[in-house]
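Please open the model in your viewer and keep the sequence panel beside it. The stops below say what to select next and what is to be found there.

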Amino acid sequence: MFLTVFVNRFKIVLRSVDAILWSLAFALALGTLFYFAFKSIYKNAMNVTVDVAVVEGEEQYGSGNMSDLLKELTYEDGTKMLNIKKVDMKEAKKLLDAKEPKVSGIIDLREMSDIKLIVNETGVEASMLGGIVSILRQYSSIIVETIKSNPANVNSVIESFDNDVKGLVKSEPITGNNKDPYVTYFYNLIAMMAVMASMSGVSIPESCQANQSEVGKRVDCSPVNRVLYEIAGLLSAAIIKIAITIIGLCYFIFVLKIDFGGDLPYIFMTAILATLLGLSLGFFIGHIGSFSKKTRENILTTVVVAGGFLSGLMVANIKSLIEVKCPIINRINPSAVISDAFYTLNMYGVSDRFYHSIIYIVGLTIVFIVAGLIMSRRKSYASL
C-alpha cells in the first residue's frame, strides 16, 4: 500500500509542470541576473585598506590586546586590512558622521561582553568589518567568562587568544573563504528555492482532507492509513524538490562559478536539509484550520516573498538590521535560518556555529512534520 501511494503521489508531483518550472526557472533567471549585476562590483573593491575608528575600554578587559591584533590583520597578498584610529566615542562619531566620512565604521571595545560595530552604510567594507567583529565577539566571551570564573587565568587566556588570532590571520582570511558580500544574495536565492518547496508540501494534506478535494473524500472513505498516506506523499515530494534544488545549486556553482565559500559536500547537505524544511513548512500549514486551498497558497506565497525580503534577498543588510532591532524574526523566518547556515559555513567553516544552524533546521523540520501528523489524526467528518 505504501509503495502504491508513493508512486501515485510521485506522478502527481511530477505532473505539476507549472510549479516545477516556476520554482526552478525563476530561481535560475534571478541568479543569472545577480551574477551579471554583481560579478564586477566586488572585484573592484578587493584588498582595500579600510579606515576604522577603535574605541578602547579598560586594559584589564583586553581591549588593548584586541586593538593591537586588529593592526596585524592582512589580506592574502600582505595588504593591511584596517587603518586604525584610536579615539574616544565622541571623536569616532564625528569621523563617521562627517560630510565626507573619515572612517567606514566604529569598533567599540569599551564593553568586552558586548563589542559593537557602528556603520552608516552597507557594502563591502561594512561586511568585512562585520566579519571581524563576529570573530572578536567569540573570543571576548571566553575572556569575560574567565574573568568571572577564574581571574587568575586571564593572562594565559589572552595570550592564547593572541596566538589563535595571529594563526587565523596567517592561515585563512578573517572574513571567511569568500569575502564577497554579494554572495549572500545567492544564499537567499537557494533559501527561496527551498521554501518554495512548501507549495508541494501543502498539497499533501489537502489530498486526504474530505472538505478540500474529491480525492480527499475518497481517501477518507478508504481503508488507507492516513499517516502512511501523508508520509508517502512527503517522501515523493521530497525527492523531486531536492532534485530541483540540486539542479539550481549546480547551475550556480558549476556554470556561473559562484563561490559559496565552503566545502561542497556541506553546501549540498545544507541545501537538501533546507528543502526538507520548506516542504515540512507547507505540510504543517496545510493542516492548520479549514482554510481553502487558495487561502493556504496565499499564506505560503506571503511566507516565501516576505521571508525572502527579511532574509536579505532584496536588500542584503536587512537581516543584520533585524538582528539588532528584533532578532526573534530571524529565528522564526525559515529563509533567514537557511541563509544563516550558508553564511556560517562560509565565515566559520564546519564549526559549532554551523552545526547549531543545522540542528535548528532539522529541529524545525521535525516539529513541523510531527505537528502536521498529529493534527491530521484529529481531523474527522460527520458526513462525506
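**A tour by selection**

Begin by selecting N83, which counts as partly exposed at 36% relative accessibility, because the partly exposed class lies between buried (under 20% relative accessible area) and exposed (over 50%), with a 1.4 Å probe and protein chains only. This is a predicted model, in which local features need pLDDT of at least 70 and side-chain atom pairs count only at pLDDT 80 or more, while totals for chains, interfaces and linings use all residues. Residues are numbered from 1 along each chain as its sequence is written, and side-chain values use heavy atoms, with hydrogens and water left out.

N83 lies in strand 2, residues 82–86; strands (E, at least two residues) and helices (H or I, at least four) are DSSP runs numbered from the N terminus. Leaving aside residues up to four places away in sequence, N83 touches T49, V50, D51 and V52, where contact means heavy atoms within 4.5 Å.

Next, select helix 8 (residues 198–206) together with helix 12 (residues 293–311), which pack at an angle of about 155° with their axes 10 Å apart. That angle makes helix 8 roughly antiparallel to helix 12, since angles over 145 degrees count as roughly antiparallel, under 35 as roughly parallel, 65 to 115 as roughly perpendicular and the rest as oblique. Show side chains for S198, M199, V202 and E206 of helix 8 and for K293, R296, E297, L300, T301 and V304 of helix 12, which make the contact. The residues of this contact divide into four nonpolar, two polar and four charged.

Now move to helix 10, residues 226–255, whose 30 residues should span 44 Å at 1.5 Å a residue, in agreement with the 43 Å between its end C-alpha atoms; the expected span is 1.5 Å times one less than the number of residues. Just after helix 10, select K257, which takes a positive phi of about 60°.

Is T365 buried or exposed? T365 is buried, with a relative accessible area of 10%, and it touches L273, L276, L277 and S280, not counting residues up to four places away in sequence.

Finally, return to the whole protein, whose secondary structure comes to 16 helices and four strands. Of its 384 residues, 47% count as buried.

Methods. Axes are lines fitted to C-alpha atoms, for helices over the stretch in contact, and angles run from 0 to 180 degrees between N-to-C directions. Ala, Val, Leu, Ile, Met, Phe, Trp, Tyr, Cys and Pro count as nonpolar, Asp, Glu, Lys and Arg as charged, and the others, Gly among them, as polar.
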